[in-house]
There are 2 protein chains.
Amino acid sequence: MADRVYLFDTTLRDGAQTQGVDFGVADKVAIARALDAAGIDYVEGGWPGANPTDEQFFKAPPALARARLVAFGMTRRPGRSVENDPGLAAVLDGKSDAACLVGKSWDFQVHVALGIPLDENIQLIADSIRHAHARKGEAMYDAEHFFDGYKANPDYAMACLEAARDAGARWMVLCDTNGGTLPDEIEAIVRQVAGRIPGERLGIHCHNDTENAVANSLAAVRAGARQVQGTLNGLGERCGNANLISLIPSLVLKMGLETGIDRDGLKRLTGLSRLLDERLNRAPNRHAAYVGDAAFAHKGGLHVSAVEKDPRTYEHIDPALVGNRRHIIVSDQAGRSNVLARLRDAGIEIEPDDPKIATLVDTVKRREFDGYAYDGAEASFELLARRALGRVPEFFRLDGFRVIDERRWNARAELVTLSEATIKVTVDGERHMTVSEGNGPVNALDTALRKVLVPAFPVLEAMKLVDYKVRILTPEDATKAVTRVMIESDHPALERWATVGVSTNVIDASYNALHDAITFCLMRLAGAEAAVA
Amino acid sequence: MADRVYLFDTTLRDGAQTQGVDFGVADKVAIARALDAAGIDYVEGGWPGANPTDEQFFKAPPALARARLVAFGMTRRPGRSVENDPGLAAVLDGKSDAACLVGKSWDFQVHVALGIPLDENIQLIADSIRHAHARKGEAMYDAEHFFDGYKANPDYAMACLEAARDAGARWMVLCDTNGGTLPDEIEAIVRQVAGRIPGERLGIHCHNDTENAVANSLAAVRAGARQVQGTLNGLGERCGNANLISLIPSLVLKMGLETGIDRDGLKRLTGLSRLLDERLNRAPNRHAAYVGDAAFAHKGGLHVSAVEKDPRTYEHIDPALVGNRRHIIVSDQAGRSNVLARLRDAGIEIEPDDPKIATLVDTVKRREFDGYAYDGAEASFELLARRALGRVPEFFRLDGFRVIDERRWNARAELVTLSEATIKVTVDGERHMTVSEGNGPVNALDTALRKVLVPAFPVLEAMKLVDYKVRILTPEDATKAVTRVMIESDHPALERWATVGVSTNVIDASYNALHDAITFCLMRLAGAEAAVA
């Protein structure tokens with residue numbers, strides 16, 4: 001079926017080459033499973049033999065329901081037979097459903113990088129693919145530098161592909177390795193190649209060095225290629241690989257092509273993108289196409305009121321199709337209508353003409369000017385709003401704290417740093433004081449605060465801080481800079497919530513965010529009667 | 001001349017709509033000047049009358065050498081004459097060389113958003129453009145939602161453009177306002193439009209909602225459009241606008257089109273991209289096409305050795321053409337050859353077979369495992385390397401410090417936080433102790449350390465910390481997380497340098513980075529004779 005496009009994910013192989021990325025086996029297993037659940041056809045798990053992680057992964061790979069697990073490797077070395085090449089053996093020995101072998105297709109590279117005659121390279125490709133096909137049942141040939149090669153010497157580049165095809169490769173994958181080719185060139189070259197090798201056997205592998213990796217992949221599909229390689233969130237060396245998260249909705253929703261992704265799989269895309277960020281401990285890109293938090297965000301009164309009339313006015317697709325949602329932004333450029341929309345989101349009922357709304361709008365503007373950001377801290381926004389409306393009980397009152405960090409030489413002549421926090425709090429009219437140690441000042445303060453509050457509010461026992469972020473708002477002020485702390489918290493009885501604190505003092509900012517986090521938890525779970533009189 | 005493409009920057013107008021972006025007048029002036037210096041043809045400075053910043057900017061705009069300054073606004077309101085529309089008057093009253101007026105071109109929008117007959121909208125466009133042309137000499141028509149409009153009702157969309165053209169518009173700009181159109185559709189529609197209005201009068205304005213804004217702009221240029229609108233770094237609402245920084249090198253270096261950018265202008269692109277990040281206090285995107293730190297970064301022994309043989313093997317252009325450079329990455333995936341390349345970069349001479357290199361590679365790997373990152377902290381890498389080779393004097397020795405943060409109610413019943421640091425240091429065999437206050441714990445520590453060191457090393461007086469960044473490496477550990485601090489420092493006699501510190505304790509991590517920053521400064525500027533015996 002000519003309109004079936006096969007999706008090939010290489011997050012765990014080419015994406016793992018990215019600066020700062022270091023997947024463990026558990027990461028690889030979790031990501032492979034999520035790709036499989038979404039309906040990706042091929043999951044390239046790594047390069048067996050290249051490093052201990054990939055070795056271990058391919059010894060006991062996760063069972064995948066629909067996806068085929070692919071092992072990556074290189075064609076045999078010059079001067080070795082396929083039976084006598086330990087690198088190739090390691091690739092094929094791992095447990096996998098298919099092998100993808102990279103080889104040269106640019107005459108210049110054969111001369112410069114391999115230093116062998118052109119014919120010998122063709123032989124490497126043919127031998128290696130034939131061997132992989134026999135061992136694995138499915139072999140693919142990754143034609144490195146194919147587009148540069150085709151422009152330099154089209155006959156030789158084609159001869160490399162045809163050698164792979166004749167040796168039994170299921171797919172010939174055309175790689176724009178240096179990422180420098182523009183979409184019209186990609187389309188023209190793939191069209192020429194597809195005149196000799198059917199598009200149903202051609203794949204495309206693009207890099208983002210001109211910010212065209214997605215467009216290049218779409219151009220190749222328009223020209224007939226039926227396998228698309230890419231990574232989650234465009235992870236990859238240099239400027240990244242083609243971003244599957246952006247490609248998939250365009251292929252399915254806009255070009256009407258059939259893939260392994262059904263409507264349910266499409267809805268998983270936002271979650272799939274976030275999963276990778278979580279595994280990498282990265283903040284999600286708010287501006288990512290389709291799945292970013294800001295992708296369907298509306299700010300400014302005019303847009304917001306038009307979108308509320310009819311979403312087509314400012315939305316190119318329904319965000320729910322890819323598991324995303326519309327965001328109405330609270331911002332200092334925004335006015336009443338946005339704040340009202342946010343109050344509705346938070347489930348706060350108020351008459352639209354209540355004069356307290358103007359006070360709240362002013363407060364939000366002033367705080368955002370100071371560095372507060374409520375976009376990602378809905379719980380702090382809700383507290384601010386409820387406080388402005390006089391509806392938040394004061395569960396506890398901070399009377400003061402002191403945090404000491406001391407770095408000194410211990411008895412074993414090591415320089416160690418200790419943190420200790422003392423905190424004084426009034427709960428229900430009664431003064432409490434406690435002291436605690438921690439592995440850093442904020443941890444010590446957090447521990448002390450919990451120690452003093454849990455006896456009064458046992459529900460806090462199960463509350464956990466799950467994320468802690470620090471942003472320097474005025475980095476040019478160096479150590480005098482204003483700091484914004486965002487905390488995400490979790491509790492078995494609640495959905496995760498986020499709070500924010502701002503100060504020139506990082507401990508202070510952290511306390512402010514902690515205070516909001518605890519108050520929010522108590523507001524949801526403890527009765528108002530527990531509040532300070 | 002058909003191959004002359006005009007570049008139109010809307011960073012200061014459409015880019016200013018981005019969530020979290022808030023340009024001041026000084027930012028706008030600095031960015032406009034830099035755009036002009038690079039050779040951008042049109043600089044859209046904002047929307048006079050829409051907000052106080054834009055109002056002020058257009059009262060006294062910077063003098064631009066080559067670029068034309070454009071004021072943005074809307075066509076007249078229904079029911080008002082052009083002479084009697086205060087919004088339009090504000091746009092045209094500001095000091096500018098041209099006006100760009102946005103109007104509807106999608107029948108659906110005319111019905112839903114404006115609620116007026118289709119003919120009346122045509123009249124709004126014609127009147128407004130005629131008036132702007134008469135007042136300014138150059139008028140442009142921004143056809144909002146043009147592609148959605150053309151697909152829904154091509155005759156009406158064309159009628160809107162033709163009304164603008166007949167009223168004297170220099171440019172008819174086709175906007176993909178919702179960003180949902182794919183490159184092949186853009187190319188086909190622009191080609192049809194160019195059959196009736198010459199491409200020399202057509203502009204293109206794309207958004208990145210499918211990650212195709214750059215490709216869409218290139219497709220429009222291939223179809224004949226000769227004005228390209230975009231923003232620096234793709235700044236813009238939702239998923240951003242078309243990224244001029246990526247577009248320009250492709251237009252000039254790859255498509256061979258003439259623009260206002262000469263070879264010197266091209267070399268400014270990396271700096272232009274960084275300037276915007278600086279003004280926004282954002283970390284540059286390492287993976288940005290052409291200008292990112294990682295765009296020409298090579299990691300892993302094979303790539304590095306091939307690139308050193310011939311850069312064409314893994315580089316699609318010479319990075320120097322756009323003001324960027326090649327980076328050899330020190331990383332835990334990398335081995336000797338990368339560390340050797342970095343030592344060369346740092347000007348450290350060592351025999352390639354020196355056994356100390358293996359020790360250094362191990363140390364780098366272990367430290368990177370702990371969370372150190374030397375990619376952006378060349379000074380810390382150099383210190384680490386020189387220490388491994390036994391070549392860094394110990395200018396001072398920390399005997400200990402204590403930092404106290406106290407939050408308490410002051411006499412005026414305000415909750416205030418004070419930070420105080422005590423530090424003990426040995427310099428040249430002599431023990432020094434000092435105490436200092438700060439507006440946060442790190443500032444207090446920094447101040448105390450300087451107080452004790454400046455008398456011994458007067459050269460430190462002129463050393464300034466210019467950037468301070470905190471990253472939480474294990475956010476899921478919440479307040480127990482590991483923290484990485486990066487500090488950038490400056491001194492009149494040196495180029496800026498960056499250092500890194502890691503600890504579970506943010507104060508500790510900051511001290512480590514500070515210690516490296518000061519040591520680096522002393523190593524460069526103070527004699528080794530000043531070191532502790």
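Visitor: Is helix α9 of chain A mostly covered or mostly open?
Guide: Mostly covered: in this predicted model, nine of the 10 residues in α9 (213-222) of chain A are buried.

Visitor: Which ones are buried?
Guide: The buried residues of α9(A) are A:A213, A:V214, A:A215, A:N216, A:S217, A:L218, A:A219, A:A220 and A:V221.

Visitor: What do they pack against?
Guide: Within chain A, the buried residues of α9(A) pack against α8 (183-194), β7 (202-205), β8 (227-230) and α10 (244-254). From chain B, α8 (183-194) and α9 (213-222) join in.

Visitor: And what follows α9(A)?
Guide: A:G224 comes after the helix, and its phi is positive, near 125°.

Visitor: Which annotation covers residues 5-267 of chain A?
Guide: An unreviewed UniProt entry gives "domain: Pyruvate carboxyltransferase" for residues 5-267 of chain A. Over that range the chain is 44% helix and 16% strand, with the end C-alpha atoms 19 Å apart.

Visitor: What stands opposite A:I404?
Guide: B:I404, in β11(B). The strands β11(A) and β11(B), residues 397-409 of chain B, pair in the antiparallel sense over nine bridges.

Visitor: How many residues does the contact take from each chain?
Guide: Chain A gives 90 residues and chain B gives 89. On the side of chain A that touches chain B, strand β11 (397-409) gives the most, with 10 residues. That side of chain A divides into 36 nonpolar, 30 polar and 24 charged residues.

Visitor: Why say the copies meet through the same surface?
Guide: Because 98% of the interface residues of chain A are also interface residues in chain B.

Visitor: New topic: which residues touch the most other members of the largest nonpolar core?
Guide: In that core of 197 residues, they are A:A99, A:Y141, A:L174, B:A99, B:Y141 and B:L174. A second, separate core has 102 residues, including A:M463, A:Y511, B:V485 and B:V506.

Visitor: What is A:L174 in contact with, leaving aside neighbours within four places in sequence?
Guide: A:L174 is in contact with A:A143, A:F146, A:F147, A:V190, A:V193, A:L202, A:G203, A:I204 and A:H205.

Note on methods. Residues numbered from 1 in each chain as written. Chains lettered and ligands numbered in written order. Predicted model: local features only at pLDDT ≥ 70, side-chain atom pairs only at ≥ 80, totals over all residues. UniProt positions renumbered as here; feature names shortened; annotations may be inferred. Helix = DSSP H or I, 4+ residues; strand = E, 2+ residues; numbered from the N terminus. Contact = placed C-beta atoms within 7 Å. Buried ≥ 20, exposed ≤ 12 C-beta atoms within 10 Å, placed from the backbone. Nonpolar A, V, L, I, M, F, W, Y, C, P; charged D, E, K, R; others polar. Pairing = 2+ DSSP bridges. Core = buried A, V, L, I, M, F, W, Y, C linked by C-beta atoms within 7 Å.
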